[in-house]
Amino acid sequence: MPDDGYRKWLGVEYTVMEDGHAVVHMNVRPEMQNLRDVCQGGVVASLMDVAMATAAAGGNYDTRLRPMVTQELKINYLAGAYGKRMEAVADVIKAGSRTAVVRCDIMTDKGDICATGLGTFMTRRVHQTDPDGMAPPKG
């Protein structure tokens, strides 16, 4: 199942998808920027959430080992998110049988870290509203 809805609108690109590590890119469009040409903080948070969930799940919707849901997300905005492209690098710090703690840095296209964060993700059960054929959690 390809990215749909909000992830599709964000235009995320998965560069690395490994169990415990993910690198996700996104082009910044004018409608994502404020009046000072800075990418809006909610968009930065969304990119971070996608990258962290991808690392925790071991892949995106097509390749994940387990379905995950965000329990908690804390972000420190360190600088304005200037530029036309951002990169999120996420790594699982610790994973248990039901939860994973993940850290993530967001970099601008100039290589400056504009945000860093920490999140907690929970493995969830497959629900009747999930797409047909979604496998239960693995690994």
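Visitor: How many residues apart are Tyr6 and Trp9 in helix α1?
Guide: Happy to start there, in what is a predicted model. Helix α1 covers residues 5-10, and Tyr6 and Trp9 both belong to it. About one helical turn separates them, because their spacing in α1 is 3 residues.

Visitor: Which class of aromatic pair do Tyr6 and Trp9 form?
Guide: A search of the whole structure turns up 1 aromatic pair, formed by Tyr6 and Trp9. Their ring centres lie 5.9 Å apart, with 15° between the planes. Planes under 30 degrees apart count as stacked, so the Tyr6 and Trp9 pair is stacked.

Visitor: Which residue has its charged end over the ring of Trp9?
Guide: The ring of Trp9 stacks with Tyr6. A charged end also sits over the Trp9 ring, 4.8 Å from its centre. That charged end belongs to Arg29.

Visitor: Which strands stand at the edges of the sheet?
Guide: The open sheet has 6 strands, in the order β1-β2-β4-β5-β6-β3, with antiparallel pairing. An edge strand has a single partner, so one of its sides is left without a neighbour in the sheet. The edge strands are β1 (13-18) and β3 (68-77).

Visitor: What is the bridge partner of Glu13 in β2?
Guide: Strands β1 and β2 (residues 21-27) run antiparallel and are joined by 5 bridges. In β2, Glu13 is partnered by His25.

Conventions. Residues are numbered from 1 along each chain as its sequence is written. This is a predicted model: local features need pLDDT of at least 70, side-chain atom pairs count only at pLDDT 80 or more; totals for chains, interfaces and linings use all residues. Side-chain values use heavy atoms; hydrogens and water are left out. Rings of Phe, Tyr and Trp (its six-membered ring) pair if their centres lie within 6.5 Å; planes under 30 degrees apart count as stacked, over 60 as edge-to-face and the rest as tilted. Helices (H or I, at least four residues) and strands (E, at least two) are DSSP runs, numbered from the N terminus. A charge sits over a ring if NZ of Lys or CZ of Arg is within 6 Å of the ring centre and within 35 degrees of the ring normal. Two strands pair if DSSP finds at least two bridges between them.
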